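Here is a short report on the model below. Look over the sequence and the fold first, then read on.

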Amino acid sequence: MCFGGEQRSGKEGLCKMTSPIVETVDLYRCCVCRARYDDEEDARKCCHCPKCGQRRERAWCHPCADKEHEAREKADFDKAKKIALGDYEGEYVNVDGLGRHFANGADEGGYLAVDALDDAWAPEDRPAYVWGVQPMPAPSFDLSEEIQRDLESEYHESVIENVISGGPEIEQAQTLIKKALARGINGFETDRTVAVLLPKR
Ligand SMILES: [Zn+2]
Ligand SMILES: [Zn+2]
């Protein structure tokens, strides 16, 4: 039915007016907060978790998020290389989300000095393992490659070859560049391929 205000005409009963003034639409309403949605599915998941169907207070569902976290931890741990704390050479570990309570001495990213592990939890709160941590890799830059890329559209291969390998300068410069790039190592990243097993106490 057309509410556009003009008589319908034509075989298919199409309205003459291209844009009607009023249209009927299906709306769905969330029974908790009464918000309206065009899509039934959107209304269903407004205040209820789409996975478990439970009422949720926030954008995420606590029980489901906990379950996902647990499953991810277990999968990563199963795959990881396990090393005893005594054999771990890093200075830091990551304890984010591990142990029954927040670890004393850990920063907000969960990074904790190995020396501080002993005092991090009460014995009953202690997790069975923590994640390894590696220094961030230095940025890389290959001078010969860059020269090659820069010159190859204009110069003959033999010219480039001469520039790069004709004398010791490029190699010397690369050594200096490498030294400068090493300064770019600042910070750590969690290495979830290494699980450091903590001794029982
Ligand atoms: Zn709602
Ligand atoms: Zn849920």
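## Elements

The protein has 5 helices and 7 strands. This is a predicted model. Starting at the N terminus, the order of elements is β-β-α-α-β-β-β-β-α-α-α-β.

## Overall dimensions

The radius of gyration of the protein is 31 Å, whereas a compact globule of 201 residues would have one near 17 Å. Along the principal axes, the C-alpha atoms fill a box of roughly 90 × 70 × 25 Å.

## Burial and contacts

Buried residues make up 11% of the 201 residues of the protein. Take the contacts between residues at least 6 apart in sequence: 51% of them join residues at least 24 apart.

## Helix α5

Helix α5 covers residues 169-182. How far apart should its ends be? At 1.5 Å a residue, counted over one less than the number of residues, the 14 residues of α5 should span 20 Å.

A residue counts as buried if 20 or more other C-beta atoms lie within 10 Å of its own.

## Confidence

The mean pLDDT of the protein is 88. Of its residues, 91% reach 70 or more. Residues 1-10 are a stretch with pLDDT below 50. In the model, this stretch has 19 contacts beyond near neighbours in sequence. Where pLDDT is low, predicted coordinates should not be read in detail.

Conventions:
Residues numbered from 1 in each chain as written. Chains lettered and ligands numbered in written order. Predicted model: local features only at pLDDT ≥ 70, side-chain atom pairs only at ≥ 80, totals over all residues. Helix = DSSP H or I, 4+ residues; strand = E, 2+ residues; numbered from the N terminus. Rg over C-alpha atoms; globule rule 2.2 N^0.38 Å. Buried ≥ 20, exposed ≤ 12 C-beta atoms within 10 Å, placed from the backbone. Contact = placed C-beta atoms within 7 Å. pLDDT = per-residue confidence, 0-100.
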